[in-house]
Amino acid sequence: MHPDPFTAPLPPLTLGFTGNRIDRDDRIRRDPEALWAMTMNPAARWLVLDQLNPVVRSGTESPELLWVRRSEAPRADAVFLGIDAEGAPRFAVAGTASDLDDGEPMDARALASRLDGATAGLVAQARSLVDWHARHGFCAACGAATRPDKGGYARVCQGCAAEHFPRTDPVAIMLAIDLERDLCLLGRQPRFPKGFLSALAGFVEAGETFEEAVARELYEEAGIRTGRVRYVASQPWPFPSNLMMGAFAEATSFEIRIDEEELEEVAWMSRDDVRSALAGTGPFAVPPPLAIAHTLLKAWIDL
Ligand SMILES: [Zn+2]
């Protein structure tokens with residue numbers, strides 16, 4: 001008999017894009033003079049994102065972010081990421097890798113899986129913010145052009161002066177657990193390859209709690225009713241700007257009724273099958289360690 005996943009202490013968890021330690025110092029964002037001083041600081045460095053792919057140093061065995069000086073940085077509006085542990089201001093800006101010496105763009109997922117958590121977290125911050133600016137050039141209230149403000153943490157409309165702020169969209173991602181049979185519920189979205197299963201997930205909607213979103217999504221996507229919900233952990237997912245919030249959910253009904261628009265396959269899986277899937281030898285594949293679905297599965301089998 002395994003311990004109750006809803007009350008037992010959680011095992012140590014590893015989470016992708018997690019561990020960003022930059023000092024975001026929001027007082028600097030609000031102070032144009034302090035922000036200007038940051039950009040003129042000789043230690044300041046810029047991370048360039050080419051089509052949202054961070055630029056890394058060319059020709060290194062393990063990927064290394066290419067932090068460029070002000071003189072090399074693209075002449076475009078940059079986002080102030082914060083001040084690093086050595087006191088150096090760090091910025092992110094959209095640009096073209098081929099304009100830089102020794103730089104090439106790298107897909108953020110591939111990159112993050114090979115970086116330490118603190119650096120991957122910084123990549124998440126940079127990618128989400130640079131993407132938000134690229135898509136919010138016009139005011140949602142009046143349609144006029146907007147301009148960046150507060151070091152990249154706001155945009156102000158040049159027509160009606162409305163302020164717009166970067167979004168972070170919470171997503172509930174959950175492992176429904178059948179305590180009696182010791183099984184968990186996994187599913188496959190149509191865009192995933194056959195044989196690839198993950199935890200069910202959906203956006204938290206207006207007017208509901210995280211726990212209510214977990215219960216609603218499980219019922220809508222798989223027809224499963226739930227009892228207890230346990231928050232497990234969260235992680236940034238900068239595609240484009242989600243906060244993935246992971247949970248265990250106690251199933252109280254077990255017959256699967258699939259929402260075929262959302263999922264092509266949903267099944268109850270045993271602990272042994274999940275264990276071998278995580279080891280890469282299972283009857284199905286599961287998301288890599290960068291994704292919180294992996295963390296949830298590992299937490300469940302490690303309880
Ligand atoms: Zn406006």
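Me: Is helix α7 mostly covered or open, and how many of its residues are buried?

Reply: Burial here is a neighbour count: a residue is buried if 20 or more other C-beta atoms lie within 10 Å of its own. In this predicted model, α7 spans residues 292–302 and is mostly covered, with eight of its 11 residues buried.

Me: Which residues of α7 are buried?

Reply: Ile292, Ala293, His294, Thr295, Leu296, Leu297, Ala299 and Trp300.

Me: What share of the residues in the protein is buried?

Reply: Buried residues are 38% of the 303.

Me: Now the domains. Where do their bounds fall?

Reply: The domain assignment gives domain 1 as 1–134, domain 2 as 136–166 and domain 3 as 169–302.

Me: How many residues of domain 1 are in contact with domain 2?

Reply: The size of an interface is often given as the accessible area lost when the parts come together. Here we count residues in contact: 11 of domain 1 with seven of domain 2. On the domain 1 side, α1 (26–29), β4 (79–83) and α4 (117–135) each give two or more residues. The largest share, three residues, is from α4. By class, that side has seven nonpolar, one polar and three charged residues.

Me: How far apart are the C-alpha centres of domain 1 and domain 2?

Reply: They lie 23 Å apart.

How values were computed. Residues numbered from 1 in each chain as written. Predicted model: local features only at pLDDT ≥ 70, side-chain atom pairs only at ≥ 80, totals over all residues. Domains from an automatic or database assignment. Contact = placed C-beta atoms within 7 Å. Helix = DSSP H or I, 4+ residues; strand = E, 2+ residues; numbered from the N terminus. Nonpolar A, V, L, I, M, F, W, Y, C, P; charged D, E, K, R; others polar. Buried ≥ 20, exposed ≤ 12 C-beta atoms within 10 Å, placed from the backbone.
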